[in-house]
Amino acid sequence: MKNFISIDDLSDFEKSVSEAIDLKNNSLKFNSLGKNKSLAMLFFNPSLRTRLSTQKAAQNLGFNTMVMNFNDEGWKLEFQNGVEMNGSSSEHVKEAASVISQYCDIIAIRAFASLNDKEADESELVINSFCKYSSVPIINMESATAHPLQALADAITIKEHKKTNRPKVVLTWAPHPKPLPHAVANSFVKMIKKINADFVISRPEGYHLNSKIEGQVNTTTDQEEALKNADFVYAKNWCSYKNYGKILKNDSSWKITSKKMNLTNNAKFMHCLPVRRNIIVSDSVIESPNSLVIQQARNRVYATQLILKKLIENE
């Protein structure tokens, strides 16, 4: 594995989930693997769990970490080729990626979707440019269309808490006051296809995901029907794909409540966080014993630790 950009970069996904759980059970077993090595973490957008869990994962392996927030610390980067740089961009990614590669052994990048231009977002210009011009491995800490570290952590969490070999997992759209990217949902769908699960996506009309990702997944606009007998309920908002970046529906009837969870098979509730309480999910659900949101956040450490380990060992 040269880079970790997509969940598809893991050749044996279920084995990787088991390896991450082994790391969780002995997180300092490889604490000298990253000795005298450095991880650079570049943030073009805000973070809480991703930043702290990635730093913790690196520390568990003995890495030094360097963090840079490009919104208020770095020069504004230019990503287009052949342009006359007479605007606000002071440095080209060609030089930036090459220089940063001299200072570290792995680069991790977080750069969200703009939600203004579907084609531009799907081109993944930021992370693909670093992959092209960097001489060290790249880790995706969430890009315009993918959040593979979150999906790996979600897979770990499901494996740890499932009670049947083939649990029913529901990914349900939920309301949000702002349009959100597809990254978490995209990677979750890709991940679920790699494990043994009965999977359903519940979303309003107009909220299909990219057909290349959603594929032949069972989908429904009847949320309550989808929730019946579910073992895991994953709530997440995403904007319209066809009417890209737009909010078509902001109906509170899609909020996850205790009443809806009573339709399930005593399901576990999941969300990637941060979450808008009493918009996406009621207090009673997220604070219930069946809520796994804190466990998911903890597993972000071991998901990232596994990826760092694999990238270094490949070297």
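## Strand pairing and the parallel sheet

Two strands count as paired if DSSP finds at least two bridges between them. With that in hand, welcome to this predicted model.

Stepping back, we find an open sheet of five strands with parallel pairing, in the order β9-β8-β7-β10-β11. Its edge strands, β9 (218–220) and β11 (268–270), each pair on one side only. On average, and with direction ignored, neighbouring strands of this sheet are turned by 20° against each other. Helix α6 (residues 148–161) lies across β10 (232–236) and β11, and its run makes an angle of about 155° with β10.

## Aromatic pairs

F188 and Y234 form a tilted pair, with 4.3 Å from centre to centre and 45° between the planes. Here too, distant parts of the chain are linked: F188 is in helix α7 (residues 183–192) and Y234 in strand β10, 46 residues apart. F188 and Y234 are both buried. Elsewhere, ring pairs link F44, F70, F79 and F130 into a cluster.

## Charges over rings

The charged end of K118 sits over the ring of Y241, 3.9 Å from the ring centre. Likewise, the charged end of K309 sits over the ring of F30, at 4.5 Å from the centre of that ring.

## A closer look at S291

S291 lies in the loop between α11 (283–286) and α12 (293–314). Is S291 buried or exposed? Its relative accessible area is 8%, and since buried means under 20%, S291 counts as buried.

What surrounds S291, leaving aside its neighbours within four places in sequence? S291 is in contact with F269, V285 and I286. For I286 there is a polar detail as well: its backbone oxygen lies 2.9 Å from a polar atom of the S291 side chain.

Conventions: Residues numbered from 1 in each chain as written. Predicted model: local features only at pLDDT ≥ 70, side-chain atom pairs only at ≥ 80, totals over all residues. Heavy atoms only, no water. Helix = DSSP H or I, 4+ residues; strand = E, 2+ residues; numbered from the N terminus. Buried < 20%, exposed > 50% of the residue type's maximum accessible area, 1.4 Å probe, protein only. Polar contact = N/O pair within 3.5 Å; in protein donor to acceptor, adjacent residues only side chain to side chain. Contact = heavy atoms within 4.5 Å. Axes fitted to C-alpha atoms, helices over the stretch in contact; angles between N-to-C directions. Phe/Tyr/Trp six-rings, centres within 6.5 Å; stacked < 30°, edge-to-face > 60°. Lys NZ or Arg CZ within 6 Å of the ring centre and 35° of its normal.
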